[in-house]
Amino acid sequence: MVATRRQRAAGQAIEHAVELSPPSSPSGTMSRSSSMESLTNSIRRTKNRVKETVRRRKKQVKDKVKRTKKQVKEKIKKQKAKIDKILDRDAWWTSLGYDPAVKARSVRWVQRGVVCVVVSLLCASRSFAQPSISVPFSTYRCVASAFLLLCGGSSLFTDTWRNPPPEKGSDSHACASTLGPYAFFTKQALTIQTSHLIVSCLAEFRVASGRLLALTHFFAPFAAVVAVSLTLLYLKLNWFEETWRREVLDATNARGVRFTEITLVSHLPPLPVAILDCFLAKRPGVFPFSMRNVMNVSLFASCYCASYCLLTLLNYKLVGRYPYPFMRALKRPWHWLAFLVGLLVLANLVILPFTFILLAANPT
């Protein structure tokens, strides 16, 4: 009963407190609902901003991808145009005012010339004896021969494929009408050196017998004479000669051909290639330094010098033009005799002794 009274008293107290408490105001309810609404609006605005940012970023990425694709397509188009220009050399020469048929004929001359010299050397190797010393296979010399062939072949390639064809009516075109590109000492020298390097590479890779190796060591001094003479005569009679620079170099550059680069790449590397071939690529002792061998090489070089002068004079009788401007000053027979003597002195008293010294001092 006591517990019942207490419970009843507690319930009455609670009812009394509820009756005394003021009723809840409608403004509080409205404030809570408005705060909920503002929070909802804020969340909605944040979502909209996030969506707008994402949409904007996606658009920026798409635009950037489109621009990148467009740039890549333009670069590919330019590269294809360059490749097409390289491959379609006929259109390139025609656009510069040259006759592509003359260029094609010059290229065929050089291709056949290299094949003829290489085949001649291979056949001539049969008359040589086997080297008197042991010549084991050498990876170093294979690599060296291949590297020199790449360098020498690059000069011939540049002079043959990148060099512009002779322009109709010019001295070069007249001289090439009978002897082709071999009216010029440049083509002769580069063909001889490149063919020698091809045969040397075949000999080092053991494609043929040891006789071919003996031939390449005998032929190396002569090839060096021709290559070194090419570089020295080019610098003296062409590069530092005002008439050639004005009539050939400047005139060709003005037509849009990078002739300065072409002519330097064609004429300067043969000298260091010849030196490295004798000093590093060839084997010491394979070429016996007997008086007979030295005189044979000297005689071979002398005959070549005389043959070139006679061939140039014969071509002049046929077409009335010289291949190089400096030759116009050689008007008398004794002028040509003095020129020939100068070539013989350069070949036999300067280049050949230096070549023999390199072969003898070969440290490999």
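Accessible areas here come from the Shrake-Rupley method with a 1.4 Å probe. On that basis, the chain exposes about 21700 Å², of which carbon and sulfur atoms supply 65%. The model is a predicted one. Its secondary structure comes to 13 helices and zero strands.

**Overall architecture**

- From the N terminus on, the elements run α-α-α-α-α-α-α-α-α-α-α-α-α.
- The chain has 364 residues, and buried residues make up 37% of them.
- Among the contacts with a separation of 6 or more, 84% are accounted for by residues 24 or more positions apart.

**Nonpolar cores**

- The largest nonpolar core holds 57 residues; those that touch the most other members are F185, F222, V226, Y324, M327, W336 and F339.
- At least two residues of this core are supplied by each of α4 (100–124), α7 (185–204), α8 (210–239), α11 (270–281), α12 and α13 (333–360).
- Helix α8 gives the most to this core, with 15 residues.
- Another core, of eight residues, lies apart from the largest one; Y98, W239, L249 and V257 are among its members.
- Leaving aside residues up to four places away in sequence, W336 touches C309, T312, L313, Y322, M327 and L330.

**Packing of α7 against α12**

- Two packed helices are described by the angle between their axes and the distance between the axes.
- For α7 and α12, the angle is about 145° and the axes are 12 Å apart.
- The crossing in which α7 passes α12 is right-handed.
- On the α7 side the contact is made by F185, Q188 and I192, and on the α12 side by Y304, Y308 and L311.
- By class, this contact has five nonpolar residues, one polar residue and no charged residues.

**Helix α6 and its surroundings**

- Helix α6 spans residues 171–179, and within it A174, C175 and A176 are buried.
- The buried residues of α6 pack against α12, which covers 291–319.
- After α6 comes G180, which has a positive phi, near 65°.

Methods. Residues are numbered from 1 along each chain as its sequence is written. This is a predicted model: local features need pLDDT of at least 70, side-chain atom pairs count only at pLDDT 80 or more; totals for chains, interfaces and linings use all residues. Side-chain values use heavy atoms; hydrogens and water are left out. Buried means under 20% relative accessible area, exposed over 50%, partly exposed in between (1.4 Å probe, protein chains only). Helices (H or I, at least four residues) and strands (E, at least two) are DSSP runs, numbered from the N terminus. Contact means heavy atoms within 4.5 Å. A nonpolar core is a set of buried Ala, Val, Leu, Ile, Met, Phe, Trp, Tyr and Cys residues joined through side-chain atoms within 4.5 Å. Axes are lines fitted to C-alpha atoms, for helices over the stretch in contact, and angles run from 0 to 180 degrees between N-to-C directions. A crossing is left-handed if the near helix is turned anticlockwise from the far one by less than a right angle, and right-handed if clockwise. Ala, Val, Leu, Ile, Met, Phe, Trp, Tyr, Cys and Pro count as nonpolar, Asp, Glu, Lys and Arg as charged, and the others, Gly among them, as polar.
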